[in-house]
Amino acid sequence: MLSSQNKKVSLFLIVLGVVFVIMSVRLPEYPLVPVDADAIPIILGCLLIFLSILLFFIKDEPKDSEDSEQSEPFFNADRKMLFLFGGFILLYIVLLEWLGFLITTALFIFTSTFALGYKKHVTNIIVAIAIPIVFYYLFNYVLKISLPKGILPF
């Protein structure tokens, strides 16, 4: 039953999703907010469970015999990119309170897409600025959830 890597990972993610949904349901309710604090985590947990079930039924691609014989170096291109994005995420977390949501998210989106090799810089700048503004408006004015303002006055 658990012969493939996809099945092992998907079962772990299903358990993680179930625990996440259970913990989200246990969040306290707030009577004066239009959307309660548990709405987004419950949706994300259910999405994780659904996608994990899909992963369970996807077949693993067979490895070439040449790939299994050669030992790959630890810091290959994929792992370097993984560590780079881990660093981006840590930097985002550190700068979020200090610089604020708008500036930090715009910088994160721009540097991430730049690191992935996206070459249209004008489009990248427009998207990196527009997305945080839309989310900031939605959270602050529609959902009434405060995001970190940082150095900006609004």
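Colleague: What makes up residues 82-110 of the chain, and how far apart are the end C-alpha atoms?
Modeller: In this predicted model, residues 82-110 are 97% helix and 0% strand, with 17 Å between the end C-alpha atoms. The unreviewed UniProt entry annotates residues 82-110 as a "transmembrane region".

Colleague: How far apart are the end C-alpha atoms over residues 39-58, and how much of the chain there is helix?
Modeller: The end C-alpha atoms of residues 39-58 are 29 Å apart, and the chain there is 90% helix and 0% strand. Residues 39-58 are also annotated as a "transmembrane region" in the UniProt record.

Colleague: Which other residues does that UniProt annotation cover?
Modeller: The record also lists residues 9-27 and 122-143.

Colleague: How many helices and strands does the chain have?
Modeller: The chain has six helices and zero strands. From the N terminus, the order is α-α-α-α-α-α.

Colleague: Why is phenylalanine 108 called partly exposed?
Modeller: Its relative accessibility is 26%. Buried requires under 20% and exposed over 50%, so phenylalanine 108 falls in between and counts as partly exposed.

Colleague: Where does phenylalanine 108 lie, and which residues is it in contact with beyond its neighbours within four places in sequence?
Modeller: Phenylalanine 108 belongs to helix α5, residues 101-115. Its contacts beyond those neighbours are Phe88, Ile89 and Tyr92. For isoleucine 89, 19 residues away along the chain, the C-alpha separation from phenylalanine 108 is 8.0 Å.

Colleague: Why does valine 127 count as partly exposed?
Modeller: Valine 127 has 35% relative accessibility. Valine 127 sits in helix α6, and its C-alpha atom is 8.1 Å from that of isoleucine 109, 18 residues apart along the chain.

Colleague: How do you know the class of lysine 144, buried or exposed?
Modeller: Lysine 144 has 56% relative accessibility. The cut-off for exposed is over 50%, so lysine 144 counts as exposed. Lysine 144 lies in the segment after α6 (121-142).

Colleague: What is the phi of lysine 144?
Modeller: The phi of lysine 144 is positive, about 60°, although the residue is not a glycine. Most residues other than glycine have a negative phi.

Colleague: Which residues line the largest pocket?
Modeller: The lining consists of Tyr30, Val33, Val35, Asp36, Ala37, Ile40, Pro41, Phe139, Leu143, Lys144 and Ile145. The largest pocket holds about 150 Å³ of space.

Colleague: What makes up that lining by class?
Modeller: The lining has nine nonpolar, no polar and two charged residues. Asp and Lys count as charged, so Asp36 and Lys144 are the two charged residues.

Colleague: What share of the contacts with a separation of 6 or more comes from residues 24 or more positions apart?
Modeller: Residues 24 or more positions apart account for 56% of those contacts.

Notes: Residues numbered from 1 in each chain as written. Predicted model: local features only at pLDDT ≥ 70, side-chain atom pairs only at ≥ 80, totals over all residues. Heavy atoms only, no water. Helix = DSSP H or I, 4+ residues; strand = E, 2+ residues; numbered from the N terminus. Contact = heavy atoms within 4.5 Å. UniProt positions renumbered as here; feature names shortened; annotations may be inferred. 1 Å grid on protein atoms, 1.4 Å probe; cavity = no way out; pocket = protein on both sides within 12 Å on 5 of 7 lines; lining within 4 Å. Points joined across faces, edges and corners; volume = space filled by probe spheres on them. Buried < 20%, exposed > 50% of the residue type's maximum accessible area, 1.4 Å probe, protein only.
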